[in-house]
Every structure is written in structure tokens, then in C-alpha cells.
Amino acid sequence: MQAAVEAEATQTAHAPFDVERIRAEFPILTQQVHGKPLVYLDNAATAQKPQVVIDALERYYTEQNANIHRGVHYLSQLATREYEDARVKIQRFLNAAEAHEIIFTRGTTESINLVALSFGRKFVQAGDEIIISTLEHHSNIVPWQMLCEQTGATLRVIPINDAGELLLDEYERMLNPKVKLVAVAHLSNALGTLNPVQRIIELAHAQDIPVLLDGAQAAPHIKVDVRELDCDFYALSGHKLCGPTGIGVLYGKSRWLEAMPPVFGGGDMIASVTFEKTTYNTLPHKLEAGTPHIEGGIGLGVAVDYLTGIGLDRIAAYEHELLEYATELIGSIPGVTLVGTAREKASVLSFTIDNIHPHDIGTILDQEGIAIRAGHHCAQPVMKRFGVPATARASFAFYNTKAEIDALAVGIQKAIEVFS
Amino acid sequence: MSGRRRQRNLVPDNLTPDILHLTPMADLNELYQQVILDHNKKPRNFRVLENATRQQEGYNPLCGDQITLYLEMDGDTIKDIGFQGQGCAISKASSSMMTAAVKGKTRQEAELMFDEFHRMVKGEFDPETSEHHLGRLTILSGVREFPARVKCASLSWHTLRAALEGTQEAISTE
Ligand SMILES: Cc1ncc(COP(=O)(O)O)c(C=O)c1O
């Protein structure tokens with residue numbers, strides 16, 4: 001299977017994007033749903049898995065399974081090496097300076113909560129402020145609300161305009177010495193807005209304020225370089241990156257992670273334990289108590305190598321083409337209103353149709369084999385900002401095709417007919 | 001792709017998609033029948049009751065459906081009923097049909113209807129083969145083929161029950 005990854009890597013940057021060849025690597029995509037070929041356009045919820053990732057999971061359990069970091073025997077050492085190699089793969093994927101800056105978590109939600117609980121406990125006090133934005137996923141809202149409730153800090157929210165873009169002037173005015181952290185999405189899951197994170201970070205850093213980026217949506221679609229961004233934390237989910245569920249990453253700069261107390265105590269996170277005193281292990285283990293999701297980490301390592309093999313820049317360029325095509329086609333259907341029309345966007349097309357609730361759109365499209373998301377996308381404040389209870393959302397990945405977007409357009413016409 | 005992949009089909013060949021509840025296209029017409037679309041467009045009793053003796057909020061956090069139900073009780077009888085809110089076609093039509101069905105009924109009668117209705121949309125009660133008190137509500141039986149939509153159809157009923165019980169908290173289908 002390693003061979004497949006390498007073969008993929010030899011596709012040169014300028015070769016045409018061979019989407020059929022890529023689709024053949026995703027076994028689930030050959031399925032029929034309700035008698036129609038599956039058109040999977042719910043990638044913002046979770047991505048499908050290529051055969052190399054599926055094989056890595058099977059290989060782990062058929063050939064490598066043992067607990068890690070604690071065995072002298074062969075299998076334990078093998079599993080440990082595979083798991084730690086995966087950490088290095090993710091370090092390279094994000095261009096982090098050190099492998100120990102990659103903390104394995106269950107996903108973006110846990111990564112953000114870990115920062116709230118640990119960084120928050122250490123650095124946030126009554127009277128302090130945390131800045132988030134209007135377009136955040138609930139997982140980048142609620143942990144901060146909980147922290148504010150516990151500490152007496154205040155949550156401040158960067159507003160957005162009607163296109164779904166952050167108002168940077170407002171943001172700039174909100175920055176002050178009481179702000180202890182800025183936490184914003186790199187790419188919005190509800191609107192598809194690609195936020196000007198470089199600028200957001202520069203402005204915060206000018207006042208020595210650290211920045212956390214919620215990269216759950218961005219990491220699968222654009223090249224992320226945490227050192228170039230100079231972000232202090234970066235959170236992502238493996239399952240949105242063609243990896244397994246239940247595994248994710250918190251990237252943190254060493255100097256922050258070193259200063260942060262552990263949140264969970266137990267095995268692996270300690271150097272020594274007596275009833276009088278426990279000394280903590282070094283990074284990354286200090287923040288990773290207990291037996292982790294070993295095969296998940298390994299699978300995620302394979303997934304990021306797979307994506308790197310295709311090339312994130314090529315993925316971004318191809319998906320951009322898909323999004324432009326879809327925006328044009330779906331946006332021109334009478335009765336359809338696009339929600340989220342930022343100049344900088346990726347992957348996500350959120351829309352409403354006059355007099356048809358998104359849930360009904362979702363059911364009708366499902367009958368056509370088309371999977372989209374209908375709802376508030378765990379971003380209720382965004383829905384409120386746009387005055388809608390919910391939207392329908394198609395989200396694209398590099399294995400989608402223009403023909404699938406055509407099928408979506410036909411499905412939408414059908415929904416309009418049913419309700420005409 | 002891996003050559004050593006073992007394709008194991010767990011589904012016996014004689015099982016048709018029907019048995020697997022993979023609904024064929026026809027059922028979409030069953031779900032979105034003209035009567036339902038009509039109730040969605042022109043919901044009955046879609047108003048605030050001036051003389052409401054009870055008011056109850058209902059919410060389906062999954063899709064954002066929201067309903068406010070108003071009851072005017074006369075002893076144990078639902079003398080008048082109205083609702084406001086927003087939701088999908090199924091939820092709105094079901095609310096509309098529910099209000100039409102329970103107006104003038106006693107609490108006991110309404111609760112019996114809810115029980116039969118709820119079991120019908122979950123596919124546990126077939127009004128075609130059993131005696132029932134559902135009247136025109138059987139039109140919503142198509143919902144049973146769409147498990148994801150059962151909550152949409154039952155939101156207004158859950159809200160009604162809470163109103164009859166006099167629960168003050170907003171109720172939620174989650
Ligand atoms: C922008 C954003 N942040 C956070 C999350 C939460 O990710 P997870 O559920 O994998 O923890 C999501 C997932 O939908 C997301 O889109």
C-alpha cells in the first residue's frame with residue numbers, strides 16, 4: 001500500500017487532475033443509494049476514506065496491535081514506532097517545528113476544550129477577555145463560554161458583514177491588554193468563508209495576544225503552514241482529513257504547551273508517581289493521558305501522506321474550480337439564495353430555496369442519492385445573523401466532479417417542482 | 001487498490017432493497033402528498049389565541065423547527081387551539097393537521113390520538129389494519145419510511161402533550 005502513496009506522489013504538480021483515478025481509491029464512492037449512484041456532498045461533516053487508510057487500520061489490527069510507550073516486546077515497539085511516525089507525518093503536514101508540538105486528541109472539539117481547560121486555567125482570570133467571531137462552530141464557542149463562566153472573563157465576538165466576512169476594523173478595535181486569547185475559524189463550516197487569519201494573527205501578536213485557529217475545515221482544503229501563519233494553536237479533526245474518526249490534533253507552540261498544566265491525569269502523562277508527589281512527563285505525553293487511539297493516529301498519518309501525495313495546492317485549485325462552477329450553476333436557479341458570499345471561500349456552498357425548508361430539500365436530494373447537510377451546521381449564531389433557521393449545505397472534496405454538481409442542480413429543480 | 005481485500009457481502013441475495021428500508025422513489029410522493037403540501041402552504045389555525053389558557057414552546061434542535069402552541073381549555077376540553085412558528089413542510093403540515101384534529105376533543109381523546117399517531121409514524125402501528133382514531137391524520141403515515149423525519153412530524157404533538165400536562169419548560173425533541 002505504501003506503493004500507492006508513492007505512486008500518487010509522482011503525479012507532477014502540473015499534470016491534469018485525474019479525478020477518476022482518485023475516485024477509484026475511495027471504495028465507498030461506488031455505492032448506489034436509493035438506486036442512484038451516491039453523490040457525496042457532505043464533506044464538511046466528514047470526508048470519505050481512501051483504501052490506503054482503510055488498509056492501514058486493518059494492517060494495524062492484523063499485524064501491529066500492542067499498547068504503546070510501555071513494552072519491551074517487539075509488537076509494542078512496532079506499534080509505538082508507527083504511532084510516533086504518524087506524529088512526525090502530521091508535524092510535516094502542518095510544517096510544525098517539533099513533533100512534540102503535535103498533541104493527539106479525539107478531534108477539533110477536544111483540542112479546543114484542551115486549550116480552554118489548560119491554557120485557560122493557567123492564563124485567564126476574572127476581568128480578562130477572549131475573542132471569537134460570529135461565524136464559529138459551537139465547538140469554538142461553548143468551551144470559551146464555559147471558561148468565562150468559571151473565571152469571570154468576558155467573551156467578545158467579532159461581527160461579520162452580509163457576505164459572511166469578518167469585520168477586521170471592529171476586530172482591531174476589540175484588541176486590548178485584557179484579551180488573553182483570540183480563537184477563530186480558519187475556514188467557516190457554515191458559510192465557507194476563508195478568514196484573513198494572517199492579518200488576524202499579526203494584529204493580535206502586535207499586542208502579544210496568542211491566537212488559536214479552528215482548522216477543522218481548512219486543513220482538508222488548503223495548505224496549512226503553522227510556522228508561516230505563526231499561529232499559537234491549530235486544531236483539526238482526522239475524520240475530515242480522510243482519516244479515521246475519534247482522532248484529531250492540537251498543534252501548539254512549544255512555549256505554550258510547556259507552560260500548560262495537564263488536564264487529564266493517568267498513565268503515559270507522568271514521569272514518576274508517589275503518593276506524595278507526581279512529576280509529569282515531557283511533551284507531548286504530558287497532555288496525552290491513557291492509552292490513545294493508536295490505530296486512529298496511524299491512520300491519520302497515512303491520510304495526511306495521501307493528501308500530501310496528491311498535493312494540497314492541487315487539491316485547493318481543483319476544489320476552487322468545483323466551487324466556482326457550483327456557485328454559478330446553483331446560484332442561477334430561480335428561488336435559490338446563496339448564504340455566505342465572501343470573496344475568499346473554499347469548499348462550502350450554503351443555500352436556501354424560497355418556500356422550501358432545508359430539511360425537505362435534504363430528504364428530496366437523498367432520494368436522488370445526493371448527500372448534503374440540512375440544518376444549522378452547529379453554528380446557530382450564524383443562522384441567526386442571516387435570519388434563517390437553517391440552510392442546505394453542499395460541501396465539496398477533491399473526489400467530487402462537475403457531473404455531481406450537475407446532479408445536485410437537477411435534484412434542486414426536482415425539489416422546487418415538488419413544492420411548486 | 002489492495003488485492004487482498006476481502007469483499008464480504010453480509011446481505012443475503014434474496015433481500016430486496018425494500019426489506020432493507022431503502023425507500024424507492026415512489027415514497028417521496030407518499031411523503032409529500034398534495035394534502036400535506038397544502039397544509040404547509042396554508043396552515044390551519046396558524047394564529048395566536050387571544051384567550052389562550054395555556055401556551056407551550058416546542059423546539060427541534062436538529063433542524064431548527066420551532067413551534068409555539070396556544071390552547072384555550074374549557075375544563076378538560078380543548079375549546080380552541082392555535083400555533084405559530086417555523087419549520088419544514090412535514091413539521092408545519094403535521095402541526096396544522098394536529099390542531100384541526102384535536103380541536104373540540106378532550107384531553108384523553110387527544111392523548112389517545114397522539115399515542116396512535118406517534119406509533120404510526122414510527123412504523124409500529126398500521127391504521128390500515130387496525131381500528132384507530134386518527135381520521136385524516138393517516139395521511140402522514142408516509143413519514144414511517146423516513147426515520148429522519150419522525151421528529152418533524154411529532155414535534156407539535158409532543159408540544160401539545162406538554163401543554164396539556166402544564167409543563168412550563170420549553171420542550172425539545174432531543
Ligand atoms: C469549523 C469546525 N470546527 C469544529 C468542528 C468540530 O469537529 P469535531 O466534531 O470533529 O470535533 C467542526 C465540525 O463540524 C467544524 O466544522
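The following legends describe close-up views of a predicted model.

Residues are numbered from 1 along each chain as its sequence is written, and chains are lettered from A, and ligands numbered from 1, in the order in which they are written. In this predicted model, local features need pLDDT of at least 70, side-chain atom pairs count only at pLDDT 80 or more, and totals for chains, interfaces and linings use all residues, while side-chain values use heavy atoms, with hydrogens and water left out.

**View 1. The two domains of chain A.** Chain A is assigned domain 1 (2-49 + 312-419) and domain 2 (57-308), with bounds that come from an automatic or database domain assignment. Taken over C-alpha atoms, the centres of domain 1 and domain 2 of chain A are separated by 27 Å. Their contact (heavy atoms within 4.5 Å) takes 39 residues from domain 1 and 35 residues from domain 2 of chain A.

**View 2. The largest nonpolar core.** A nonpolar core is a set of buried Ala, Val, Leu, Ile, Met, Phe, Trp, Tyr and Cys residues joined through side-chain atoms within 4.5 Å. Buried means under 20% relative accessible area, exposed over 50%, and partly exposed in between (1.4 Å probe, protein chains only). The largest core has 150 residues, of which A:Leu94, A:Val182, A:Tyr234, A:Phe398 and B:Leu160 touch the most other members. Helix 11 (residues 294-310) of chain A gives the most to this core, with nine residues; helices (H or I, at least four residues) and strands (E, at least two) are DSSP runs, numbered from the N terminus. Domain 1 and domain 2 of chain A each supply at least three residues to this core. Another core, of 25 residues, lies apart from it and includes A:Ile112, A:Cys148, A:Ala183 and A:Leu212.

**View 3. Surroundings of A:Lys223.** A:Lys223 lies in the loop between strand 8 (211-214) and helix 9 (226-229) of chain A. A:Lys223 counts as partly exposed because its relative accessibility is 45%. Not counting residues up to four places away in sequence, A:Lys223 touches A:Phe93, A:Leu312 and A:Asp313. A:Lys223 and A:Ala316 are 93 residues apart in sequence, yet 7.9 Å apart in space, C-alpha to C-alpha.

**View 4. Helix 4 of chain B.** Chain B has five helices and four strands, in the pattern α-α-β-β-β-α-α-α-β along the sequence. Helix 4 (residues 107-121) has 15 residues and reaches 21 Å from its first C-alpha to its last, close to the 21 Å expected at 1.5 Å a residue; the expected span is 1.5 Å times one less than the number of residues. Buried residues of helix 4 of chain B include B:Met113, B:Phe114, B:Phe117 and B:Met120. Among the elements that cover the buried residues of this helix are strand 3 (77-86) and helix 3 (89-102) of chain B. B:Gly123, with a positive phi near 80 degrees, follows helix 4 of chain B.

**View 5. Helix 5 of chain B.** Twelve of the 16 residues of helix 5 of chain B are buried, so this helix is largely enclosed by the rest of the structure. Among the buried residues are B:Leu155, B:Ser156, B:Trp157 and B:Leu160. A kink of about 30 degrees is centred on B:Ser156; the bend at a residue is the angle between axes fitted to the seven residues ending there and the seven starting there. Helix 5 of chain B is followed by B:Gly166, whose phi is positive, near 75 degrees.
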